[in-house]
Amino acid sequence: MSLLQRPGRALSRIVIALVASAALVLTGCAPGVSNADEGESVLRWGVPQAFANWDPVVTGSTASTRFLTPIYESLVSIDENGDLAPGLAESWEYDETGTAVTFRLREDAVFHDGTPVNAEAVQKFIERAKTQTGSALAGDYATIDHVTVDDELTLTVHLTQVDYQIPYLLSVRGALITSAVAAEEDPSALNVTAPVGAGPFRVVELIPESRIVLEKFDDYWDADSIHIDRIEIEFGIDASTVVKAVQTGVYNFAFIDAPFVQEAQNAGLDVWFGDEYAWFVHFLSINTNIAPFDDPAVVEAIKHAVDRDEIVQKGTLGYGRAVDQPFPPGYIAYDEQSEDVWPYDPDLARSILADAGYADGDLQLELTLRQDDPVAEILQQQLADVGIDVTLRLDPNWAVGYFGKQTALSLYTYFGRDSHVQALTANYDTDGVLNLASPYVSEEFAAALKRIRETPLDSPEYTELLQAATRAGVETSPTVHLYTLPAFYAKSPTVSDLPTIQGQLNWKGVRIDE
């Protein structure tokens, strides 16, 4: 992995929620205290954010994959080139019609509870992802009709239409296979206190939203590639103390936020930016099922009132990239023709509102937030400049309203998907988890989505059609994408470089020399 160093920037102070004291109460010990045996290779991982959902079917955050992949193995994997690779499935093949794909599982995979990874277990996972109340994968599985078990290690996924995206869909985020026994016995425990997968590490301690301890699973099918004995992750730590904690050895790996990148570099830590393989997309979600957003003029005016460049400079300290689509430049689905489709033009925004009969102050909006966000205040002022009054409200139950499609206006962030089309459906399709206006989907996007699903991945037309689907989403969706921001990581030089696989933290081959 190449470690990317960037020139220093004057870092302005951003409001950060301090939750370290709560973590101390929950864990009953100081951060960084380890019970590992002497001589063990231990990754001590610090995370400023809290984390609660350990069931891949439940968690709606793709960024959470970074915490789940040590525990769960996916049906299909992705290599450093972004290509499909074997996971729990050694091979897969479509039928002649493109409406069914057969997966052959490896013989040597078992779950942490000792039960076999077989075709029936994968079938039950897919069925649960499609039908379980609150499933974050149900919308992504829209073209999966049913699964048949052909023999102990072979299953066939039958589709409602031609869809050559299924192997990508069932890679990493979309198919981190859970133990069927654990899911049937107590799905709540699987999510909160006792996750059971077939990944390289098994859970030995879990204090919800505070701390998890993982130990190497000796029966993992690729155990020879794992050189770390133990992973200890602590959540909800004070973001302002992370760099010092890594520098002094409390942690040897951590997530850091933009304001602390230069501090980490100055401290001599290995710092890298996930520009090409680990990035967040920040966007403004608009629910056109709720007034006044059921008026297209209001949505159009908001799109022209947003100054993305100002948001990037003030809200991301210059590390972000202004975009009006859910991908960064250079990504295969990024559409150059969609650049600046909704240009910043406050005069035009005012004119659109005036023509629709809105005077200054007529529109009183509430922007619902899940956490303090400096971008919210920037947007608040930008909308005020065109005569729209916005009140900011922190909602402790934000997820209920947002994912239940009851919220009218909100800011959210997502982490790049493994499947190109899954990223599009999540943002723009009828049941898209990020489509606050659901069930709305435009005819233009639906047609473009159908065409790209029907296109084999090796087709010379694939990239062009994929970008056309992006274009249809950008032009017709109420969602206002704002900017992309790389994920920032810092580690001790004693931890070797990680494989650079898009959207993942992969621990195969990683060593700790302390």
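1. Y412 counts as buried because its relative accessibility is 7%, where buried means under 20% relative accessible area, exposed means over 50%, and partly exposed lies in between, with a 1.4 Å probe and protein chains only. F403, at 31% relative accessibility, counts as partly exposed.

2. This is a predicted model, in which local features need pLDDT of at least 70 and side-chain atom pairs count only at pLDDT 80 or more, while totals for chains, interfaces and linings use all residues. Residues are numbered from 1 along each chain as its sequence is written, and side-chain values use heavy atoms, with hydrogens and water left out.

3. Rings of Phe, Tyr and Trp (its six-membered ring) pair if their centres lie within 6.5 Å, and planes under 30 degrees apart count as stacked, over 60 as edge-to-face and the rest as tilted. By this rule the count comes to 30 aromatic pairs. One of them joins W54 and F235, an edge-to-face pair with 6.0 Å from centre to centre and 70° between the planes. This pair links distant parts of the chain, since W54 is in the loop between β1 (42–47) and α2 (65–68) and F235 is in strand β10 (residues 230–235), 181 residues apart. Both W54 and F235 are buried. The rings of F403 and Y412 have centres 5.8 Å apart and planes at 85°, so this pair is edge-to-face too.

4. W54 and F235 also belong to one aromatic cluster, whose members include W45, F51, W272 and W507.

5. A charge sits over a ring if NZ of Lys or CZ of Arg is within 6 Å of the ring centre and within 35 degrees of the ring normal. The charged end of R106 sits over the ring of W221, 3.5 Å from its centre, and that of R370 sits over the ring of W398, 5.6 Å from its centre.

6. Which residues of α14 are buried? Helix α14 (residues 420–428) is mostly covered, with nine of its nine residues buried, namely H420, V421, Q422, A423, L424, T425, A426, N427 and Y428. These buried residues pack against several elements, among them α15 (443–453), α16 (462–476) and β18 (480–486).

7. The secondary structure of the protein comes to 16 helices and 19 strands, where helices (H or I, at least four residues) and strands (E, at least two) are DSSP runs, numbered from the N terminus. Of the 514 residues of the protein, 57% count as buried, and the C-alpha trace spans about 70 × 60 × 40 Å along its principal axes.

Definitions and conventions: Contact = heavy atoms within 4.5 Å.
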